[in-house]
Amino acid sequence: MPAVRSNVQMHKPPSGIIFVFGLAFTAFSCLFFHFFFKDAKSFFDAKNWTAVPAVVEASEVKSHAGDDSTTYSVHITYRYSLGGKTYRSERYSFFGGSSSGYGSKRAIVDAHPPGAEFTCYVNPKDPAQAVIERGVTKDAIIISIFIAIFFGIGLLMLLGGLSALLRRGKKGGELSGAVPEQGTASSRVTFGEDGSLDEFQISRYAQLPSGEVMMKAAVSPRMKAAGLLLIALFWNGIVSIFVMEAVDSWRSGHPEIFLTLFMIPFVLIGLGMLGGVGYFYLQGFNAVPQVYLDRAEAALGETLNLRWEFSGDTDKISEFIVTLTGTEEATYRRGTDTHTDREIFYKKELAKVGKYGGIRSGTARVPIPANTMHSFSCPNNAVRWRIGIQGVIENWPDISEEFPIVVLPKKLAADQVAAAAVEEEKPWNSL
Amino acid sequence: MEQLVIEIEGRKKVFLPGDMLRGRIRWSCAETPKTAELRLFWYTRGKGTAHSELVEGLRYDRAGPSESHNFDFKLPLAPYSFSGKLITLTWALELDIEGCSDPAVEEFVVSPFGKEVQLNASL
């Protein structure tokens, strides 16, 4: 059955590829940085350069047609005199290259028509070196952001790939390569008595002196707000660059209609993210539920005892529900994106309390079903169990938190353990 | 004709976690194999990227073109064989003789319930 063999031997996490891509991203980022900012050190020196009157000889916006779009750059030729000698220069700023956005370049060129007099800055140690704009230009900021993003992504891929490679190295999980060389006629190699138990999802809790455990939410509303805010800032920061280009093009009379239409969905997503930040921020003001269990783990068929306590105002909560859910999760790649699909295979309401039923604190039993799957996790696939807390608040974001728990495999009965021990001692010739 | 065979004792298809898995393997190859290995493993397939985990392996050094051997493995307590809408976890034995025909694979179920766990059946 070759198909099974390929499942076994070919589907490994592409940590090596991630590492190589990360290396390429960081290397190219450094290369681009060098290309665009090779003269950037002059930016610091130019603070002490001499201001000298200059005259524009020629000026134009040069366009550079690419495969996907056209980029523009400022070209101004000017002359100036210092120490009785006349010099010519074409340097506008210390940051080279061209970029999209016609309007801003046009404005610069319009401000420097042929024959116009202006002030340039000349290096007193080398009067042949001159510049018109000795500060940081808008293009330099945009290019810096892009390079920083690519460098950051590359660095993350590099570290992620390296970490995955090291983990794999420690685990030795390659099926065909994991059997070490040994000299005996029939050597046995064991990879752990407990199978994949070490792969179980770890629940987050704090052990209390009373013996109870205090569960910690998977992600608190404030963490969600902070995380989404970072993503929204990153997203909107990038989008705003292109929005500014689009606005610039309309203001200069050369509207970039395709860019404007193209940016609309990106702007809407950015606004949606900011809306989400607001939602989670408001959710952070809700009463906070603390969930306690009599122990951190339970095997299939066992029952946990749950206790909850709210801190904060619970008067606005109209309904409070505690649920137990089992979810299977599959992570896969589609193109360059990674997706995780979730499917709930078990859901049970453990408690439901109305407005006047004592929401502030209460107890519930958590019976773990006997004939189902224990917690399980491996790269890309998982079965997870969670206790869900939901508090319904009218005209306000609801309370909604999840507390992961560990469900262990069914405990073997004493007679099963004894039978297994006897079976283990049986000779091989029983076939 | 080249042949790789895995025979599980009593032709059992379902095992309890912690059970002993016993059987016999035999192979008949045209030439002397480079390596001969029997592997106990589980793998996931389905919507997520597949994953496999080797649990235990037996390697037969200086294997001849035709041999047979008894084997036994103590199965771990987890994970169970299960099948859901997104993921299926399957246990299997693989007899891989390098330099012979394609590996032989024998799938079986590890579950305390006498059958593979069906996830959507519990909803």
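## Model and conventions

The model is predicted: local features need pLDDT of at least 70, side-chain atom pairs count only at pLDDT 80 or more, and totals for chains, interfaces and linings use all residues. Residues are numbered from 1 along each chain as its sequence is written, while chains are lettered from A and ligands numbered from 1 in the order in which they are written.

The scores of the model are ipTM 0.92 and pTM 0.62.

## Chain A: composition and sheet

Chain A has 8 helices and 17 strands; helices (H or I, at least four residues) and strands (E, at least two) are DSSP runs, numbered from the N terminus. Of its 431 residues, 25% are buried, where buried stands for 20 or more other C-beta atoms within 10 Å of the residue's own, exposed for 12 or fewer and partly exposed for the range in between, with C-beta atoms placed from the backbone. Contacts are pairs of residues whose C-beta atoms, placed from the backbone, lie within 7 Å. Among contacts in chain A between residues at least 6 apart in sequence, 72% join residues at least 24 apart.

An open antiparallel sheet of 5 strands in chain A has the order S3-S2-S1-S4-S5; two strands pair if DSSP finds at least two bridges between them. Strands S3 (85–89) and S5 (130–131) of chain A each have a single partner strand, so one side of each is left without a neighbour in the sheet. Strand S1 (residues 50–65) and strand S4 (residues 117–122) of chain A run antiparallel and are joined by 6 bridges. Thr50(A) has Val122(A) as its bridge partner in S4(A). Helix H4 (residues 102–111) of chain A lies across S1 and strand S2 (70–82), at about 20 degrees to S2(A); axes are lines fitted to C-alpha atoms, for helices over the stretch in contact, and angles run from 0 to 180 degrees between N-to-C directions.

## Gly326 of chain A

Gly326(A) belongs to strand S12 (residues 317–334) of chain A. This glycine is buried, with 25 other C-beta atoms within 10 Å. Leaving aside residues up to four places away in sequence, Gly326(A) touches Phe345(A), Tyr346(A), Thr372(A), Val383(A) and Trp385(A). Val383(A) is 57 residues apart from Gly326(A) along the chain, and their C-alpha atoms are separated by 7.0 Å.

## Chain B: composition and sheet

Chain B has 0 helices and 10 strands, and 53% of its 123 residues are buried. Of contacts in chain B between residues at least 6 apart in sequence, 68% join residues at least 24 apart.

In chain B, 3 strands form an open antiparallel sheet in the order S1-S3-S6. The edges are strand S1 (3–8) and strand S6 (66–74) of chain B. Strand S3 (residues 20–28) of chain B pairs with S6(B) over 9 bridges in the antiparallel sense, and Arg24(B) has Asn70(B) as its bridge partner in S6(B).

## Nonpolar cores

A nonpolar core is a set of buried Ala, Val, Leu, Ile, Met, Phe, Trp, Tyr and Cys residues joined through C-beta atoms within 7 Å. The largest has 44 residues, of which Met373(A), Trp27(B), Phe41(B), Leu95(B) and Ile97(B) touch the most other members. Elements giving two or more residues to this core include strand S13 (337–354) and strand S16 (381–393) of chain A and strand S8 (87–98) of chain B. S8(B) gives the most, with 7 residues.

Note on methods:
Two residues are in contact if their C-beta atoms, placed from the backbone, lie within 7 Å.
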